[in-house]
Amino acid sequence: MLIRRETPADVDAIRAVHSAAFAKADGGPGTPVEATLVDALRADEGWLPAYSLVATDSDGQVVGHVVATRSLVAGAPVALGLGPLGVLPDWQRRGVGSALMHAVLGAAEARDEPLVVLLGHPDYYPRFGFRPAVELGVTPPQPWGPQYFMARPLTAWRESIRGEFRYPRPFDDL
């Protein structure tokens, strides 16, 4: 497996990854919102190409994707909003998601980002250093349970980074 930045040639494969990763368990119709969210994020001013990463197999096929976009805390551009993170079903539970998470957090650390925030499963993300964002004084833009709204402070984090978190606009349409 190789982790690298997304290229224009990866767009369709990334959409396919999120469509498969977030497909309804009952096989019901409809495209998962995560599959179209990445396209909408690419067109948003919060898009940061350095944080759109793919995992590829030995043949170069995209098997996973993660993205982080510029987000706000108390109106200041001091955070990244992480997500979606998706892995093809046949590749799940094989370390692809963890590798993508470590890569995107490493990139954020190397670029002196102070904070990464996500909405996710409380049994999965704490292993990467995430904890309830409210413990850092960062509040969700919607009444999400604090166990799901998590943040990870990085080396550049400052205690003055407090207030309401705001994802890029495409998240408002979910």
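**Close-up views of a predicted model**

**View 1. The charged end of R94 sits over the ring of W91, 4.1 Å from its centre.** Here a charge counts as over a ring if NZ of Lys or CZ of Arg is within 6 Å of the ring centre and within 35 degrees of the ring normal. A note before you go on: this is a predicted model, so local features need pLDDT of at least 70 and side-chain atom pairs count only at pLDDT 80 or more, while totals for chains, interfaces and linings use all residues. Residues are numbered from 1 along each chain as its sequence is written, and side-chain values use heavy atoms, with hydrogens and water left out.

View 2. Rings of Phe, Tyr and Trp (its six-membered ring) pair if their centres lie within 6.5 Å; planes under 30 degrees apart are stacked, over 60 edge-to-face and the rest tilted. The count comes to 8 aromatic pairs by this rule. Y124 is partly exposed at 23% relative accessibility, whereas Y125 is buried at 12% (buried is under 20% relative accessible area, exposed over 50%, partly exposed in between, with a 1.4 Å probe and protein chains only).

**View 3. W144, F149, F165, Y167 and F171 form one aromatic cluster.** Within it, F165 and Y167 have ring centres 4.7 Å apart and planes at 90°, so this pair is edge-to-face. F165 is buried, with a relative accessible area of 0%, and Y167 is buried at 7%.

**View 4. Helix α3 covers residues 96-110.** Helices (H or I, at least four residues) and strands (E, at least two) are DSSP runs, numbered from the N terminus. The expected span, 1.5 Å times one less than the number of residues, is 21 Å for these 15 residues, which agrees with end C-alpha atoms 21 Å apart. Buried in α3 are V96, G97, L100, M101, V104, L105 and A108. They cover an arc of only 160° around the axis, which puts them on the same side of α3; the arc is that of the directions from the helix axis to the C-beta atoms. The strands they pack against include β1 (2-5) and β5 (115-119). Just after α3, D112 takes a positive phi of about 60°.

**View 5. D10 is found in the loop between β1 and α1 (11-21).** D10 is buried, at 5% relative accessibility. Leaving aside neighbours within four places in sequence, D10 is in contact (heavy atoms within 4.5 Å) with R4, R5, V54 and V62.
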